[in-house]
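Hello,

I am passing a structure on to you, and you will find it just below.

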Amino acid sequence: MRILFCGVAAIALSGCSWMGSGNSYKAASGSNYAAGASTSACCVGGERLSRWNFEQSIGAEFVVGGDAITASQVHPGFPAPAVEGIDVKMKDVYATGYRASLGGSYAINPNRKLTLQGFYAQADGNEVTWGEQGDVELRGTMSDFKSYGVEAGLRQYFQPKGFPLLKSVRPYIEARLGAEHVDAISMNNINQAVITSPLTPTTLAMYESTWVPTGSALIGIETPLFNRMTIGLETGIRYSGHLKSDNSDVSTGGFSDRYAGFNNGGDRYTVPLTLRGRYRF
């Protein structure tokens, strides 16, 4: 799935070069976007094209997919009682998070921009049930998902449209690829009503701190706010790659070995709802 998603994003990056309305557009009535049909590399409708843009954004990230806990793969376990695990999705383990970014963009022409941004994201972990040990539920709280990274993309704009109460809105699509560093993740506060040994852990390491690939496919709209400032709203789908399992707590051959296999997931899908500002120089 990761290869497929990144492949789609890569195709979108190249495909944007022929999608859309070309190198020129006609501004909607009242818009501060430059009008005219010129295809000049430096000017549009008699006005110099603003090449460089500063951008910042913040918004919510709704977790919609990916495997967090793969407890159905745990070993039967010895000594008894054995663990009977269940799988838990990322959307059940993590609450709605947030993501903030800073970066810039460069206008290739009036309708197309190269983008580059650094970002930070965080989501709080929930308490979940992930199996049974004897007749007792195994519960624990996933540590928070914290990450930072960088993404580069290509944004394709379409013709501005009139919109009630606004001067105009301009739709766009964007594809991004990048890399994300995810902090180590553990299962904390595991209830141990069935403890039979002081070696039984109440915290289990799950995933190592590591870099993973990312991909995003986004759609959005922009509207002028001031002379050189626009504000936009965007959404879409984001993918964060497969994390590396941390087996330091489940490969000792002791009591905790019964949990081996519960951390074979780690990929993550989110749907963002982002407010983005852009200042053109």
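**Around Ala71**

Leaving aside residues up to four places away in sequence, Ala71 touches Gly85, Ile86, Asp87, Trp130 and Phe262. Please keep in mind as you look that this is a predicted model.

Where does Ala71 sit in the chain? You will find Ala71 in the loop that runs between strand E4 (67-70) and strand E5 (83-85). Ala71 and Val83 are twelve residues apart in sequence, and their C-alpha atoms are 8.8 Å apart in space. Is Ala71 buried or exposed? Ala71 counts as buried because its relative accessible area is 0%, and buried means under 20%.

**Around Thr210**

Thr210 has a relative accessibility of 19%. The cut-off for buried is under 20%, so Thr210 counts as buried too. Apart from residues up to four places away in sequence, Thr210 touches Glu180, His181, Val182, Leu243 and Lys244.

**The chain as a whole**

Stepping back, the chain has two helices and 18 strands. Of its 281 residues, 47% are buried. Among contacts in the chain with a separation of 6 or more, 74% are between residues 24 or more positions apart. The accessible surface of the chain is about 12900 Å², and carbon and sulfur atoms account for 61% of that surface.

Enjoy exploring, and do write back with any questions.

Best wishes

Definitions and conventions: Residues numbered from 1 in each chain as written. Predicted model: local features only at pLDDT ≥ 70, side-chain atom pairs only at ≥ 80, totals over all residues. Heavy atoms only, no water. Helix = DSSP H or I, 4+ residues; strand = E, 2+ residues; numbered from the N terminus. Buried < 20%, exposed > 50% of the residue type's maximum accessible area, 1.4 Å probe, protein only. Contact = heavy atoms within 4.5 Å. Areas by Shrake-Rupley, 256 points an atom, 1.4 Å probe, with all protein chains shown as cover.
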